[in-house]
Amino acid sequence: MPLLEIENLHASIGDKPILKGITLTINPTEIHAIMGPNGSGKSTLSYVLAGREGYEVTDGDIRLDGVSVLDMEADERARAGLFLAFQYPVELPGVGGMSFLRGAVNARRIANGEEEIDHIAFVKTVREAAASLGIKDDMLKRAVNVGFSGGEKKRYEILQMALLEPRMAILDETDSGLDVDALRIVSEGVNALKKDDMGVLVITHYQRLLDYIIPDHVHILADGRIVKSGDKSLALEVEKSGYGDFTNAA
Amino acid sequence: MPHESMSFDHLSAAAAKRHEQNGWPGSRDEAWRFTNLNEIKALSLTPAKRPDSHAFSEDKNLIHFINGVAQNTDNISINGVRIAPLNADSELTTALADAVPHPHSVADFALAHAHDGMAMTVSGQVDTPLMFRFAYEGDGISSHPVVVVDIKPGSSVTILEEHLGSGAGLSAPLMLYRLGEGAHLHHARRLVEDESRYHLGLNLVQLNAKACYHGDMVMSGGAISRSETQVRISAPDAEAYLNAVYLGRHDQMRDVTSRIDHDAPDGQSFQRIHGILDDRAKAVFQGKVKVARYAQKTDGNQMSRTLILSRQAEANTKPELEIYADDVTCSHGATIGEIDADQLFYLKSRGISDEDARQLLIEAFLVDVIDELGDPQRDWLMAAIQSWIKVR
């Protein structure tokens with residue numbers, strides 16, 4: 001069964017249509033990349049998939065493991081296995097990192113009928129996962145994202161992904177704000193997680209990230225529609241000639 | 001002008017006269033513009049009688065007040081702490097007479113009806129925290145605890161002050177904390193009376209040179225609760241920290257009023273007020289900082305933030321800076337807003353339910369104010385916050 005099915009998806013912000021009929025199927029273990037210029041609807045797509053309020057789906061459907069998620073709020077979708085790595089992770093002053101991570105993991109476990117995670121075992125798991133992503137211990141003690149650099153925030157997103165073990169991960173411009181070293185570490189983190197049957201949707205403006213996270217399929221988004229799909233060579237084509245040809249086609 | 005030696009009865013009689021003349025303020029009185037006292041006036045209050053003496057546990061550091069009257073002062077045995085009826089301490093009675101602004105409707109009301117007050121003197125480093133527990137009861141009863149705490153030069157103490165109880169009555173506490181040169185007071189307060197009650201309190205603080213006052217309050221109880229704090233910095237290098245959290249729901253009213261008089265150079269005052277309002281609750285924070293002409297190098301900061309959980313709730317802030325010195329740093333700021341939609345979405349996108357996410361953000365907003373406090377104040381105040389949040 002397909003993991004994520006996006007079918008003829010139309011979405012608006014207020015009266016303004018942004019997504020104008022997107023159809024895309026992602027199977028387990030597949031990595032898809034959506035590339036597109038600014039204003040093409042990339043971030044809207046990630047928010048609509050994650051269930052952010054203020055975005056209205058006017059037509060079409062989104063199914064995860066065959067079940068429509070349109071009537072689910074963001075938290076239900078997350079507990080069903082959807083994960084969004086934010087382009088701009090949000091600072092939460094006063095919310096301690098460890099209790100945030102534990103709250104997120106336990107919410108998923110309780111929804112799955114599992115026991116809450118053992119406190120001490122969890123701290124150990126977090127430390128190990130953090131170390132492999134180059135996240136320092138003292139960052140884990142701080143409030144969520146507060147005082148983190150741009151690169152640290154992105155690593156922290158991947159740490160959350162590692163702990164939550166999603167079915168389907170959406171990476172929204174995860175490469176922005178990362179230097180090459182950080183890009184490598186983050187990509188290794190994503191690739192390491194891919195060992196199971198997780199699906200990945202990488203949303204990006206630049207081809208750069210796709211050198212590290214190699215996609216099975218690449219789609220070009222322009223003016224709210226997928227105007228071309230292909231394999232990873234399509235990303236290189238964009239790198240060379242820009243988005244001009246595609247935006248004209250839309 | 002300082003009074004010559006004054007008896008409590010004399011002080012009380014003068015206050016009664018003023019209250020008879022002035023009565024309770026109306027909405028045209030600037031200091032009471034947001035806090036309507038009609039409900040309280042309608043209670044037709046009778047002053048509490050002196051209660052029969054109660055039997056209490058033998059706590060050595062906990063003073064019980066029943067409807068305003070201290071019960072077990074004989075039990076208290078802590079090195080460096082001396083307790084006496086205010087009536088028997090003419091020095092502190094005179095100090096109170098000098099400290100009380102007049103006319104002042106709350107102070108005059110409290111003094112007019114109080115049977116007596118409690119005088120406490122603290123000398124040396126007192127390591128055991130002292131606790132004042134003010135319990136109120138009875139419909140239509142007004143209670144008027146009057147307490148003067150004199151902290152001798154170089155001494156330090158932690159005082160936990162709690163107001164609780166039930167019955168449609170009024171609590172009108174009048175407190176004076178006098179800090180000698182270099183003295184330290186950590187003063188934590190929980191105002192957690194039942195929703196049936198009314199609370200109008202005046203908390204006076206006097207700071208001598210290099211004295212340091214830390215006042216931290218959680219106000220979550222009462223139909224109408226007003227806490228006014230007046231700090232007078234009368235000698236150089238003194239510091240005052242006023243942190244307050246107010247929590248309101250249903251049709252409750254919360255009023256946090258402060259006035260800081262910088263009457264000496266090199267003083268510092270920092271105020272942080274965080275409030276949460278739900279349903280149709282209303283609140284006002286009015287904070288005045290007055291810097292006298294000779295109070296150079298004063299540092300005065302004031303920040304008020306309110307989180308509104310309902311469109312019907314109403315928050316008002318009224319900062320007032322009155323500065324006559326030319327070499328000072330003074331600032332104030334105020335924000336009023338709803339729960340941040342980005343933060344809420346971020347938490348929910350991690351699988352945390354809407355309700356839990358909101359609770360986390362509310363707690364985070366409040367924890368900010370008391371997180372840096374030492375123990376036992378931190379946990380003691382946090383417990384009051386958490387019990388309010390849990391009812392949501």
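This is a predicted model: local features need pLDDT of at least 70, side-chain atom pairs count only at pLDDT 80 or more; totals for chains, interfaces and linings use all residues.
**Entry 1: Arg33(B)**

At 42% relative accessibility, Arg33(B) counts as partly exposed, a class that lies between buried (under 20% relative accessible area) and exposed (over 50%), with a 1.4 Å probe and protein chains only. I found Arg33(B) in the loop between helix 1 (8-22) and helix 2 (38-41) of chain B; helices (H or I, at least four residues) and strands (E, at least two) are DSSP runs, numbered from the N terminus.

I then listed the partners of Arg33(B). Leaving aside neighbours within four places in sequence, Arg33(B) is in contact (heavy atoms within 4.5 Å) with Ser27(B) and Lys318(B). The side chains of Arg33(B) and Glu30(B) are joined by a polar contact of 3.3 Å. A polar contact is a pair of N or O atoms within 3.5 Å; within protein, one must be able to donate a hydrogen and the other to accept it, and residues adjacent in sequence count only if both atoms are side-chain atoms.

**Entry 2: chains A and B**

I noted that residues are numbered from 1 along each chain as its sequence is written, and that chains are lettered from A and ligands numbered from 1 in the order in which they are written. Local features need pLDDT of at least 70, side-chain atom pairs count only at pLDDT 80 or more, totals for chains, interfaces and linings use all residues, and side-chain values use heavy atoms, with hydrogens and water left out.

How many residues does each chain give to the contact? I read 30 residues from chain A and 16 residues from chain B. The two chains bury about 1,800 Å² between them, 65% of it on carbon and sulfur atoms; buried area is the accessible area (1.4 Å probe) that two parts lose on being put together, summed over both.

The rule finds four salt bridges across this interface, each a side-chain nitrogen of Lys or Arg within 4 Å of a carboxyl oxygen of Asp or Glu. I looked up Glu53(A) with Lys348(B), a salt bridge whose closest N and O atoms are 3.9 Å apart.

**Entry 3: aromatic rings**

I found that Phe100(A) and Tyr346(B) are stacked, 6.0 Å centre to centre with 10° between the planes. Rings of Phe, Tyr and Trp (its six-membered ring) pair if their centres lie within 6.5 Å; planes under 30 degrees apart count as stacked, over 60 as edge-to-face and the rest as tilted. Phe100(A) lies in helix 3 of chain A and Tyr346(B) in helix 5 (residues 341-348) of chain B, so the pair joins two chains. Both Phe100(A) and Tyr346(B) are buried.
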